[in-house]
Each structure stands twice: as structure tokens, then as C-alpha cells.
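User: I would like to learn how to read salt bridges, a chain-to-chain contact and a strand hairpin from a set of coordinates. Could we work through them one at a time?

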Amino acid sequence: VITERHRRYLPLAVTIVLFLVMYGTGSYLFEGFFSLQVFLNFFIDNAFLAITAIGMTFVIISGGIDLSVGSVIALTTMVSAALVEHRGWSPTVVIPLVLAMGSGIGLVMGLVIQYFRVQPFIVTLAGMFLARGLCYLISIDSITIENSFYTELAAYRIPLPHETSITFNVVIALVMLVIAIYMAHFTRFGRTVYAIGGSEQSALLMGLPVARTKVLVYTFNGFCSALAGVVFTFYMLSGYGLHAQGMELDAIAAVVIGGTLLTGGSGYLVGTLFGVLMYGTIQTILSFHGDLSSWWTKIVIGLLLLAFCLLQQVLTGRKRA
Amino acid sequence: MREVSFLRRWTAKHHFWAVAVLVLLLAYNLVADPQFFALEIRDGHLYGSTIDILNRAAPLMIIAMGLALVIATHGIDISVGAVVAISGAVAAAMIGGQLVLSGGTGMEDVTQSPLVVVIPCALGVALVCGMWNGVLVSWFGLQPIVATLILLGTGRGVAQLITNGQIVTIYYSPYYVIGNGFLLGVPFSLFIVAAVATVLLLMTRKTALGLFIEAIGINPVASRLAGIRARTITFACYAVCGLCAGIAGLIVSSNVKSADGNNAGLLFELDAILAVVLGGTSLNGGRFYLLGSILGALIIQTLTTTIYAVGVAPEVTLVVKGLVVFAVSILQSDRVKAALATSRSTS
């Protein structure tokens with residue numbers, strides 16, 4: 001008998017099984033795929049995606065969507081690079097500043113969504129173009145970062161057993177994940193987010209702080225995007241207006257593949273982690289294969305997103321007129 | 001008092017603000033460049049800045065009309081840019097990128113398939129893209145933003161696949177007519193715009209179809225209970241939008257004589273949404289204005305041309321457009337409308 005509770009875990013279970021199958025297939029097909037370092041590389045290469053996807057998970061659970069994440073990441077890399085390289089500012093000033101900037105962008109979008117009742121996608125779409133436009137205002141070309149703090153942190157490897165290692169970015173992503181899980185399941189804020197996603201009307205009637213929570217969700221997502229941008233800067237060591245193009249699709253895909261309902265109200269951050277791992281597996285399989293071009297990643301991720309959306313429709317049995 | 005009521009009657013007209021913005025932009029251009037409206041006939045064709053704006057705005061006008069239908073059903077299609085890239089890629093791939101030089105005259109026209117095959121195929125693929133969106137939205141009940149986001153992401157991948165990741169140059173002059181040619185002295189693309197506009201206007205305004213579309217956008221449940229086949233009509237709107245994007249893709253690829261899977265139609269979705277919204281169609285669905293969308297497209301192209309002419313970096317347009325979307329969507333929101341209504345009734 002499938003109870004409501006089982007139903008809720010089903011997408012997550014499907015994701016984990018699918019991940020294991022894909023990982024197994026990769027290990028069977030390619031020599032050297034089944035190694036701890038390759039597995040750790042999933043995290044190293046996708047730390048920024050994981051951080052954005054964490055913020056996006058909250059947004060989607062609350063029943064909204066944010067299309068601006070990719071361009072906020074790009075803007076963060078651009079502002080960091082311009083301030084550090086051209087203005088000679090210290091990274092200890094620049095990093096808090098860009099984090100505040102990302103949160104500010106999220107805050108403004110959240111306020112517009114909440115107080116003017118504009119659909120989230122249109123507000124965040126405008127935010128997306130605005131942020132990309134601002135990147136180009138700073139510079140049309142890529143700015144390389146040669147600041148020693150960034151280069152040393154980018155090169156620094158934290159040694160792990162069996163001669164493997166991870167970067168500092170992975171630590172940031174994992175710490176963020178732990179904080180997010182705590183926020184989602186052990187705080188009043190998290191419970192309110194789930195309640196709003198389940199039914200905003202009921203949440204209002206229960207006297208929950210709906211307006212404040214919704215604005216905070218977008219602010220938090222803006223913060224996550226900016227943090228992902230900082231991590232991306234460590235990873236790429238440059239600022240560029242074309243960075244993270246189409247990242248919104250990847251982040252939404254990771255969240256939905258991880259079992260979060262697009263209609264809101266249900267989802268797990270652990271699922272999002274598996275969504276990101278799935279993305280990493282697909283990328284790595286394609287790069288091991290060699291013949292297939294990188295745009296296949298986009299196509300496969302798009303199709304997976306579609307498959308999970310349809311799975312959700314079947315499971316929830318809810319259909320729009 | 002009579003002047004006030006006169007003013008109010010004019011500003012209350014639907015396209016007043018859009019026309020006013022366009023007139024202001026054109027007036028600015030006239031001041032900055034007295035030759036702005038000058039037209040001359042060269043080789044039997046009309047030339048001039050205004051003709052140039054019209055010609056460049058043609059793809060956007062066509063997309064905006066298709067998108068207006070989708071938005072009227074309370075939907076959205078952000079995959080139009082990707083469909084532009086796909087249809088251009090199909091056309092370029094079928095023509096084949098071979099350059100054959102012949103003595104004296106220069107380039108020889110080479111194509112692997114005749115245009116009568118190429119154009120229907122490219123448009124067919126675009127129609128399939130639109131139908132794909134339509135099926136996901138109307139039959140599977142996916143949110144329009146997510147359904148079309150999938151095509152936005154994968155569509156560019158598909159376009160890259162068709163062109164093998166390269167920019168395919170077209171060396172076939174009959175194809176250039178679509179985006180660069182002239183008919184009776186007027187750019188050929190404007191005839192395409194006129195044809196699309198005529199067909200869509202006849203279909204939506206001379207039959208009940210337009211009313212049905214608006215009914216679905218305002219209240220899908222009520223319209224279904226009233227006996228409107230909401231699913232089929234919603235599906236058709238997305239299909240038409242895909243087709244319109246395909247036509248625009250042909251014009252764009254013909255204009256630049258190549259197909260670029262990465263950059264063709266990039267960020268078109270914002271321009272198209274902006275054009276529709278400036279044209280008076282609300283993002284909340286319901287009433288739609290096809291000619292208003294054309295007007296919106298003209299405003300955007302005039303703005304872009306003006307920004308180029310002023311000498312500001314072209315990237316600034318992105319910031320301006322983003323801000324305009326913010327402003328317009330806030331102005332269209334119920335809260336602001338209600339505030340305006342109370343201030344009008346009390347004054």
C-alpha cells in the first residue's frame with residue numbers, strides 16, 4: 001500500500017536509484033571512473049551549482065521560481081574581479097560586499113514579488129537581464145584574477161585518505177548544505193516555507209508571517225547565488241559576463257530531479273544534493289566518452305528535468321485546466 | 001476642466017502610452033539627426049533610417065504576435081530565442097555551407113535542397129518545437145515557465161547539434177531575399193510581417209477564436225465549463241508561437257547570411273515579452289493586442305537604434321530593458337492599478 005508518506009519519498013528514491021545506476025554504468029563502461037577522486041570531483045566541479053541549488057530549493061518549496069541565479073553568479077564574479085584587480089581592494093572587503101549585493105538583489109526581487117503581486121518568473125527574468133547587463137557595464141571582456149588570495153585558495157587542496165583531495169569550495173558547499181538542512185527542518189522559518197508552498201492561503205489564515213518569509217526566501221536565494229558566485233570565482237579565477245550562462249536551468253533541474261515538487265510544499269535538500277551529483281555524473285560520463293560534445297549535457301539534463309516533471313504530474317495527479 | 005477631461009480621454013486610450021513613447025523616441029532622433037526621416041530611392045529600393053528600423057524589427061514583430069497569443073492564455077514562452085536558432089540552423093544545414101567561386105561574377109549559388117523544401121522543413125521543425133511546448137503545457141499540465149525553460153536550455157543544444165557546433169555560412173543568394181531583399185521598393189521582411197499579421201488578425205478577430213483565447217486567459221475553469229476546448233486552443237497558441245519564432249529564425253539567418261546555434265536569437269525572449277507588454281497585453285492573460293505587439297517591437301528596435309546612435313555601449317540596452325520590464329510589470333500589478341483607480345475617483 002502506497003501511503004501519502006511513501007509517495008512523498010518516491011521521487012527522491014527514484015533519483016537515488018537512477019544516480020546509482022548511472023554511476024554503475026559509468027564505472028562499468030570506463031576504466032578509472034570508479035575511483036574516489038572521480039567521485040570527489042563531482043563535488044569539486046559542481047560546488048557552485050550545489051550552493052545555488054540549495055537556495056533554489058527553498059524558492060521552489062515556497063512555490064516560486066528564480067531565473068536570475070545564473071546572472072547573479074556572473075555579476076558576482078565580475079564585481080569581485082573588477083574590484084580586486086582594477087581597484088586593488090582587499091578580498092576581505094570584496095567578498096562580504098558581493099554577498100551583500102547578491103542578498104540585496106534577492107531582497108528587491110522578493111519585495112516586488114510580494115508587495116506588487118507580480119509573478120515570480122517575470123520579476124526574476126527582469127532581474128536576470130538586469131544583472132547580465134550590469135556585468136557588461138563593468139566590462140565586455142573577461143577579467144583574469146591574479147590576486148594571491150584567490151589564486152592560493154583556488155590551488156589549495158585539503159588532503160583526504162587514499163591520496164585524494166578536495167578544494168575549499170567543497171567545504172563551503174557542504175557547510176552551506178548543513179546550515180540549509182537545519183534551516184529547513186529545525187527552524188520556524190523552514191516550516192513556514194513548507195507551509196506557504198503547501199497553501200499560501202492556509203499559511204496566512206494560520207497567522208504565519210507569509211510576507212516576511214517569502215521576501216526572506218528570495219533574499220536567501222540571492223545570498224546563495226552570490227556565494228556560488230564567490231565559489232565560482234575561486235574555481236574559474238576570472239570575472240566574465242558570459243559566466244554561468246543557462247545556470248538557472250541546471251539549478252532548477254538539480255532541485256526538481258532531487259524530488260522537490262515544482263508546485264511547492266514538498267522537497268528535501270538531500271534530494272537536491274543527489275540532483276547535483278546526477279549532473280556531475282552526466283558531465284563526467286560525457287567527458288570520459290570524449291566523442292560527445294559538451295552541449296549534450298544540456299540536452300540530457302533538459303530531458304531528465306522533463307522526465308521528473310512528468311513523474312511529478314503522475315504522482316501528484318494534479319492537473320491544471 | 002474641459003482640457004483635463006480631454007487629456008484624460010486621450011491618455012485612457014489603450015495604445016496612448018506606447019504611441020507616446022515611440023513618438024518621443026522618434027522626435028529625439030529627429031533632433032539629434034535632422035536626416036533621420038530622410039528616405040531615398042537607390043536602385044529602386046527605399047533606403048533610410050526608418051526603413052532600417054522597420055526591417056530590423058521584423059523578426060521581433062512576428063515573434064511578439066505569436067507570444068501575445070500565448071500570454072493571452074495566461075502562459076509564457078521563453079523558448080522563442082532557442083527556436084529562432086533551431087530554425088535558422090535547419091535552413092543553413094539543408095542549404096549546406098559550400099562556397100563555390102566562379103570566375104568574374106564571384107560567388108555561385110549552391111544549395112543542397114531547393115528553397116521550396118528548405119523553408120517548409122525549417123518552419124516544420126519550429127512548429128514541432130511549438131507543439132512540444134503546447135503538449136507539455138496543455139496535456140501534461142506543466143507550468144508554462146518550466147515547460148518552455150526546458151526547450152530554452154535544450155534548444156540551443158539541438159541547434160548546435162544540427163550545425164555541428166559551428167557557425168554555418170549560407171552561400172545562396174535567393175535565400176538572402178527573406179531578410180535582405182526588397183519587393184516593390186519595400187523590404188521583403190515587412191511583407192512577411194504583414195502576411196502573418198493579416199492571418200492572425202483574421203483568425204482571432206473575425207472568428208470567435210480570439211474571444212476564446214481571452215476567456216481561457218481570464219478564467220480557464222469557467223471557459224471550459226462554457227464549452228470552450230481550452231486544451232486544444234492553448235496547444236494551438238503555443239504551436240503558432242513556435243511557428244512565428246521559426247519564421248523569425250529564417251529572417252534572422254537570412255539577414256546575417258549564417259546560422260549560429262549559440263548566438264542567433266539570444267535574449268530574444270526578453271525583447272519579445274517586453275514588446276507584448278508594451279503593446280498593452282497584460283502578463284496576467286486575457287485581452288491581447290496583436291497590432292500593439294507590433295508597436296511594442298517597433299519601440300524596442302527604435303530604442304536600440306537610438307542607443308547605438310547616441311554612442312552609449314550597446315550592452316546598456318540590456319539594463320534599460322530589464323528596468324523597463326520591472327517598471328511595466330509593477331505598473332500592471334493589481335495593487336498599483338487599484339491605487340491609481342482610487343486616486344482618479346477621488347480627484
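**Salt bridges, interface and hairpin**

Analyst: In this predicted model, A:R117 and A:E200 form a salt bridge, with 3.9 Å between the closest N and O atoms. The pair links distant parts of the chain, since A:R117 sits in the loop between helix 4 (91-115) and helix 5 (120-138) of chain A, whereas A:E200 belongs to helix 9 (residues 200-205) of chain A, 83 residues apart.

User: Are the two partners, A:R117 and A:E200, buried, partly exposed or exposed?

Analyst: A:R117 counts as exposed because its relative accessibility is 51%, and the cut-off for that class is over 50%. A:E200, at 26% relative accessibility, counts as partly exposed.

User: Which residues are linked with A:R117 in a network of salt bridges?

Analyst: A:R117, A:E200 and A:K214 are linked in such a network. Over all chains, the structure holds seven salt bridges.

User: What should I look for in the salt bridge between A:D250 and A:K298?

Analyst: Begin with the distance and then ask where each partner lies. The side chains of A:D250 and A:K298 meet at 3.6 Å, N to O. A:D250 is buried, at 5% relative accessibility, while A:K298 is partly exposed, at 23%.

User: Which residue forms a salt bridge with B:E214?

Analyst: The partner of B:E214 is B:R205, and the closest N and O atoms of this salt bridge are 3.6 Å apart. B:E214 counts as buried because its relative accessibility is 5%, and B:R205 counts as partly exposed because its relative accessibility is 37%.

User: How should I describe the size of the interface of chain B and chain A?

Analyst: The size of an interface is often given as the accessible area lost when the parts come together. Here chain B and chain A bury about 4,000 Å² between them, and 80% of that area is on carbon and sulfur atoms. Within chain B, the residues that lose the most area to chain A are B:L149, B:E315 and B:F326, together 14% of what that side buries. In terms of residues, the contact takes 46 from chain B and 40 from chain A.

User: How do strand 2 and strand 3 of chain A run, and how many bridges join them?

Analyst: Strand 2 (residues 157-160) of chain A and strand 3 of chain A run antiparallel and are joined by four bridges, with A:I158 standing opposite A:I166 in strand 3. These two strands form a hairpin with three residues between them, and A:H162 in the turn has a positive phi of about 60°. Both faces of strand 3 (residues 164-167) are covered, A:T164 and A:I166 being buried on one side and A:S165 and A:T167 on the other.

Methods. Residues are numbered from 1 along each chain as its sequence is written. Chains are lettered from A and ligands numbered from 1 in the order in which they are written. This is a predicted model: local features need pLDDT of at least 70, side-chain atom pairs count only at pLDDT 80 or more; totals for chains, interfaces and linings use all residues. Side-chain values use heavy atoms; hydrogens and water are left out. A salt bridge is a side-chain nitrogen of Lys or Arg within 4 Å of a carboxyl oxygen of Asp or Glu. Buried means under 20% relative accessible area, exposed over 50%, partly exposed in between (1.4 Å probe, protein chains only). Contact means heavy atoms within 4.5 Å. Buried area is the accessible area (1.4 Å probe) that two parts lose on being put together, summed over both. Two strands pair if DSSP finds at least two bridges between them.
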